[in-house]
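Please keep the sequence and the coordinates at hand while reading.

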Amino acid sequence: MSEYKYIGKPVKRHDGVEKVTGQASYTGDLKMSGMLYAKMKTSEYAHAKILKVDTSEAEKLPGVRAVIDGRHGFAKLGIYMQDRSVIAMDKVRYHGEVVAAVAADDLETAERAIELIKVEYEPLPIIQDVREAVKPDAPLIHPDLGSYSHTVGVFFPKAGTNVANHMKLRRGNVEEGFAKSDVILENTFTQSQIFHIPLETHVTIVQWGAGDNIKIWCSGQSPFSVRDLFSIAFGVPRNNIEVNILYVGGGFGAKAGIHLEPLVGLLSKAAGGRPVKLVPTREEECSTLPCRQGLFARIKTGCSAEGRILAEEVELLWDAGAYADYGVNIGRASATSGCGPYEIENIKIDSLTVYTNHVFGTAYRGFGHPEVFFAVERQRDLMAAKLGMDPTEFRLKNLLYPGSRTVTGELITENTGRPDKCLKRVAEMIGLHNHYTDAEKAEMKRTGKYRGKAAAVLQKAPAMPTWAASSALVQMNEDGTVRISVSGVDYGQGTYTVLQQIAAERLNLPIEKISINKSVSTPISPYDWQTVASRMTVICGMAVADACDDLKEQILEMAAVVLRASKHEIAFGEGDVYVMQNPQYRVGFNKIAIGYVYENGNAVGGPLIGRGKAIAQGLTNLDPETGQGKAALDWTYGAHAAEIEVDTETGDIEVLQFASCIDVGQVMNEELMRGQIVGGVLQGLGCAKSEYVSHDASGRLLTRNFTDYKIPTFKDMPKKMMVDAVETPQLDGPYGARGCGEHPLISVTSVMANALANAVGVQFFDLPLSADRVYRRIQAGNSGPKLS
């Protein structure tokens, strides 16, 4: 049990009541005087020159206040690579790209105006396969790639190609490693793009006022990044831009960086400064807004006869879609986990972020790791089978332990985390090595429903720049209560509740006396880089702890004056401070919160406001040729195990039991941790069993709604879901904690595919494991039930 008062305790979510009662306000709820409503005209081609955009008829329509196209929206956007315009200019690069937009008095008028805009195109050759896109003679999607601004020294675009970034990792001598190997196995794995499906779409309101004073309200994860990128795109000083975030209805990475804010801003400017609101439909969310990147992976592994991995060569070709402004960092970050949490002396990893004529990709929960680990952890089971070894034994023989080094050369210490403990725990939780009885085997044969078990490990570190920082303010109110202000966004993950727990623990105050600002406004909220990468508990949490320590120091200084004692003689009570030797001498926080007043009216001190900050200390840029360097602030390791039942007559897979164990360093809130893990697993089951982005031969998106794109529901939950945690303290995390928001999604697909192979002998190297595909494989004879 935790020795803490609030850390590790199941404190209820700060926002639960407001959300379930409908009191929470979202951007979509806002209405303003003179507000206009926007709609977008999108491309019907996946790749085509824009010959002419005729907006004349739309402009004549009564009630239309602004019409813009590529002539107005030429500013370049991008967080790591500025490769996309606000509106397509010379050509479109994916089906669904914006070519024009209107703002009108009402939504119906805006929709009619969009229908009146006529666009003439000249179709161009399309590329949908990354393997074709990297060929020397492939049509160029971005002929001007060499001129794009990007983060120099971190990303390496290849001018004259479709490669937006080439990330290299080299360690040892991979050729020598393969020469020494007794067993070599090579496989390829393919995954399509995936949609984020937040409940709330990318709702945006912008008012571009006089003097270029701009106010933005958006459903976003990154208020200061929106401000920063908007400023860069239009050359407007940051001080002129106000970004406001209310409650956010989910993100999963889709709302990181910048999206529709510049487009809506230009409409407001064209409409004379009236506020403009854009609410994308679900179809627009799928076809125009970004998705998760697709991946083609090739892995070649060499092992000794005893089961030690001696060499591994990995090629990752990321389907970035039409733009890679965020995608380049996915390719970079995932490469640092390109071989998983294993100690391998000889490694060669090439991760290429590749342009295609698909919807463009962006951050998604797990940031490339779910895709990579489908390949890595499938490869581990396949290699174990070839060696004749138990897959768990094979993993344990090769995992990272204290004293090991990662693929980037980072030394693993006693406090880095323990993937081996997580793997052993999940194996125990589902009875991974308990073989089926003869009676159970007979029942499977009778019903045609075969069972299989499998396990897989996972890892991820926060993917962020070396300078990614957070700050916090902790202000004491007149009654001795405390209010926290941060700019990290709680869009469902429970961050604010954990920050309240940290403050309550640090200040020894009842948690009921700790509140947190539930909205962010850049002019008055303290700076934070972005709410991504499972970094909020660690970095923002440390900023809050630092602010609390600063506040405590101010309290001690004030109390020393009031109580006529040295600071070291004063102790903290619950809502007051007192002299340790004489506890009858004490003063409540409410007496000093805004200054202390003596009986004669004299006053000293002033408002107590703690300031805190934290940064990703110690990170380095990675060597451009070898990838060696300090890539991770912290590593979070974990493991999943599952038992499934496959109906051979329908191909349907039922998850009988699923176990997850993650090394979180310190459990901050058991209920929130369980919610994150269960939700992540269910999201991963969607990726495993049903979710798939499909295009026709011309590049037109086919899966644009919930009829064609199937997401999981509560009916898809495992019949039995088990959650546990290992606690290996992270020394630079608050109370030893590390992030775990993204990690539950990682390796769900691989453990499901491994269990499927163990149940009926069907080997899948692509996704999804949908009932129709599984049934066809079984009927094709590519199966033989394994009843062990």
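F367 is buried, with a relative accessible area of 6%; buried denotes a relative accessible area under 20%, exposed one over 50%, and partly exposed one in between, computed with a 1.4 Å probe on protein chains only. The model is a predicted one, in which local features need pLDDT of at least 70 and side-chain atom pairs count only at pLDDT 80 or more, whereas totals for chains, interfaces and linings use all residues. Residues are numbered from 1 along each chain as its sequence is written, and side-chain values use heavy atoms, with hydrogens and water left out.

F367 lies in the loop between β19 (361–362) and α10 (369–387). Helices (H or I, at least four residues) and strands (E, at least two) are DSSP runs, numbered from the N terminus. The phi of F367 is positive, near 50 degrees, although the residue is not a glycine. Most residues other than glycine have a negative phi, and most peptide bonds are trans.

A positive phi of about 55 degrees is also found at I197, likewise not a glycine. I197 is placed in the loop between β10 (183–191) and β11 (204–208), and I197 is buried, with a relative accessible area of 15%.

The peptide bond from L767 to P768 is cis, its omega being near 5 degrees. P768 belongs to the loop between α18 (748–760) and α19 (771–779).

Finally, H14 is located in the segment before α1 (16–20). H14 is buried, at 16% relative accessible area. Leaving aside residues up to four places away in sequence, H14 touches D490, Y496, T497, Q500, I516 and K518, where contact means heavy atoms within 4.5 Å.
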